[in-house]
Amino acid sequence: MNARSADRAATLMFWLGAAAVLAILALLLGYILWHGFRAISWDFLTAPPQTIMAGGGVGPQIFNSFYLLFLTMLITIPIGLLAGIYLAEYAGAGRLTEYIRLSMETLTSLPSIVVGLFGLLIFVNLTGWGYTLMSGALALAAINLPFIVRVSEETIRTVPVELREASLALGATRWETMWRVILPSAFPGIVTGTIIAAGRVFGEAAALLYTAGMSSPVLNFTDWNPLSPFSPINPFRPAETLAVHIWKVNSESLIPDVRQVADGSAAVLILVVLFFNILARWLGRYIHHRLTAT
Amino acid sequence: MSKNFPLAIENKEYSSSGPGSLGLTAKGIHIHKRYIEYFGRTVSFLAAALVIALTLAIIFFIGQKGLATFTVSGVNAWNFLFQTQWMPDRPMEQGGPLVGSLSFIIGSLLVSLMAVAVSGPLSVIVAVFMVEIAPGWGQRVLQPAIEILAGIPSVVYGYVGLSLLVPFIRNYMGGEGFSLLAGFIVLSIMILPTIISVSSDSLRALPSQWKEASLALGATRWQTISMVLVPAARSGIITGVVLGLARAFGEALAVQMVIGNTRQIPYSILDPLMTLTSAITMDMGNTIMGSLWNNALWSMGLLLLMMSFMFILIIKLVVRRGGMIR
């Protein structure tokens with residue numbers, strides 16, 4: 001084979017490779033949505049699951065997933081943002097900064113089940129809370145934190161240096177410059193990164209099996225007292241999320257319509273993740289336009 | 001970077017906008033500002049320090065629990081790592097209890113290495129396609145596609161594997177369907193986005209003169225790609241592959257759903273198997289804290305933790321070497 005035909009063959013190979021990845025994605029999405037849309041109904045989205053009979057829904061699971069996401073973000077956004085500010089603004093090239101970065105790499109590459117085991121040890125057993133939303137949120141925070149820190153740091157670093165110089169030249173301190181000048185202009189990037197992280201938190205399951213638990217109490221959606229054990233907003237109750245539900249019905253459920261419930265749950269999960277993805281792109285662009293008035 | 005700019009508060013000639021403009025003297029504002037600056041620095045430092053504290057806590061507690069098998073239960077570490085007899089609930093009279101985890105370790109290694117063997121080459125092909133063959137198109141169509149693939153939760157991969165791939169293997173290839181084959185196919189798709197994005201970043205970072213020089217010497221595009229660009233980007237590509245391997249090795253639920261979870265070393269790709277993660281997933285809830293069985297599961301967790309350190313170490317070595325070549 002001469003060089004020219006080798007080049008042609010290689011080009012064909014590259015096109016086929018790209019086509020294969022697109023085909024895999026199309027097959028996955030098509031399969032999940034096609035089966036899912038037949039399973040999804042209003043009743044399915046709102047009703048509680050059944051334990052042995054057919055016809056259960058995933059209402060509490062959907063609520064739990066969003067509530068857990070909210071709690072996780074409530075913990076990770078302030079800490080992650082502050083740590084990102086430290087790394088971008090104050091940290092020098094010292095030993096300590098090296099340890100922070102090494103820790104972040106370690107946390108990022110930890111298998112989520114190991115974080116789940118840590119959560120079981122600390123947030124479930126040591127605190128005596130048992131399987132609770134709070135334990136789950138703290139475990140997910142450990143997974144999510146390095147991501148938010150990195151997003152914050154990188155976006156802060158992309159802010160043009162002239163903005164900082166101008167602010168400092170006017171007599172503002174570094175902290176004032178950060179909050180009044182740099183963060184507002186890094187805001188679109190941080191929002192985009194946070195929403196993408198939200199998608200990942202929403203789909204996480206392995207870390208939750210032994211922290212938030214695999215069951216939900218019967219929820220009373222008219223009870224908004226956070227201390228009541230049946231209140232949906234009580235953070236110290238067990239909570240099964242949608243992702244965990246998919247795993248559980250497939251591995252140990254007794255209901256006859258496992259297939260139906262799993263199809264519907266998978267489709268809801270995928271739709272929410274797709275929604276986060278689109279929202280992140282759109283919101284990032286929108287806020288950027290608003291702030292820069294272009 | 002910020003070191004280049006002298007701080008206003010450190011400047012002795014600092015003065016406020018005018019006498020009594022806010023009822024505060026210049027000195028008052030000065031002290032107030034310094035206090036806030038100090039506060040901000042401390043709070044953000046504490047947040048960053050928390051990342052270290054969390055990591056150390058995870059290492060300490062998983063390590064302590066994981067070592068209990070050897071310190072409290074008195075199991076020989078060699079037997080734990082290199083023996084296949086898994087009888088954690090068998091009493092002494094029947095030859096137990098034995099917690100040889102070799103079949104899980106081999107299962108984890110097999111399934112993740114095979115996933116990387118499939119996913120690695122395909123990912124490099126796609127990364128090169130995105131950067132060199134069809135950059136505009138790659139950016140518009142493939143980039144979002146890869147982001148969506150990365151965003152699909154692992155349980156959904158597991159579920160599609162369970163409901164589509166497993167029956168397909170059962171009907172057309174034989175066996176139960178729950179197999180090494182199903183496991184590594186699911187994993188190879190899951191780790192595609194990781195390897196593609198890291199490799200394409202490193203291809204994009206190459207100086208364009210290298211490509212231009214190669215083409216100017218009369219090399220075809222394929223020759224340029226295979227002999228100049230891919231070798232030049234190899235530290236990034238290896239990093240991507242190791243990250244993919246790490247993700248495959250640590251993935252729990254997607255694998256657990258499709259591999260059949262049978263305690264044996266598989267001899268064919270159609271055989272079922274069990275991995276470290278699936279063993280933990282299946283048994284952790286059913287064993288009593290402090291029992292030998294439970295301790296052995298924690299030791300497997302520790303093993304996963306140590307493997308992820310090893311992967312980080314490999315990446316650090318690769319990146320350092322790649323940096324020297326450049």
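A salt bridge is a side-chain nitrogen of Lys or Arg within 4 Å of a carboxyl oxygen of Asp or Glu. Side chains of opposite charge can pair when their charged atoms come close. With that in mind, let us walk through the structure.

This is a predicted model, in which local features need pLDDT of at least 70 and side-chain atom pairs count only at pLDDT 80 or more, while totals for chains, interfaces and linings use all residues. Residues are numbered from 1 along each chain as its sequence is written, chains are lettered from A and ligands numbered from 1 in the order in which they are written, and side-chain values use heavy atoms, with hydrogens and water left out.

Over all chains, the structure holds twelve salt bridges. One of them joins the side chains of A:E153 and A:R101, with 3.0 Å from N to O. This pair links distant parts of the chain: A:E153 sits in helix α6 (residues 133–158) of chain A and A:R101 in helix α4 (residues 95–109) of chain A, 52 residues apart. Helices here are DSSP runs (H or I, at least four residues), as are strands (E, at least two), numbered from the N terminus. A:E153 counts as buried because its relative accessibility is 7%, whereas A:R101, at 30%, counts as partly exposed. Buried means under 20% relative accessible area, exposed means over 50%, and partly exposed lies in between (1.4 Å probe, protein chains only).

Now turn to chain B. There, B:R263 and B:D283 form a salt bridge whose closest N and O atoms are 2.9 Å apart. This pair, too, links distant parts of its chain: B:R263 is in the loop between α10 (253–258) and α11 (276–283) of chain B, and B:D283 is in helix α11 of chain B, 20 residues apart. B:R263 is partly exposed at 40% relative accessibility, while B:D283 is buried at 10%. Back in chain A, salt bridges that share partners join A:E89, A:R164 and A:R174 into one network.

What separates B:R204 and B:D201 by about one helical turn? They are three residues apart in helix α6 (residues 180–204) of chain B, which means about one helical turn between them.

Next comes a pocket. A pocket is an open set of points on a 1 Å grid over the protein atoms alone, where a 1.4 Å probe fits, with protein on both sides within 12 Å along at least five of seven lines; lining residues have an atom within 4 Å of a point. The second largest pocket has a volume of about 440 Å³, a volume being the space filled by probe spheres set on the points. Its lining has 25 residues, and A:P49, A:Q50, A:T51, A:Q61 and A:S216 lie nearest the centre. Both α3 (59–90) and α9 (242–252) of chain A supply at least two lining residues each, and α9(A) gives the most, with four.

Finally, look at a loop of chain A. A:G55 lies in the loop between α2 (42–46) and α3, and at 44% relative accessibility A:G55 counts as partly exposed. The C-alpha atoms of A:G55 and A:F44 are 7.8 Å apart, although the two residues are eleven residues apart along the chain.
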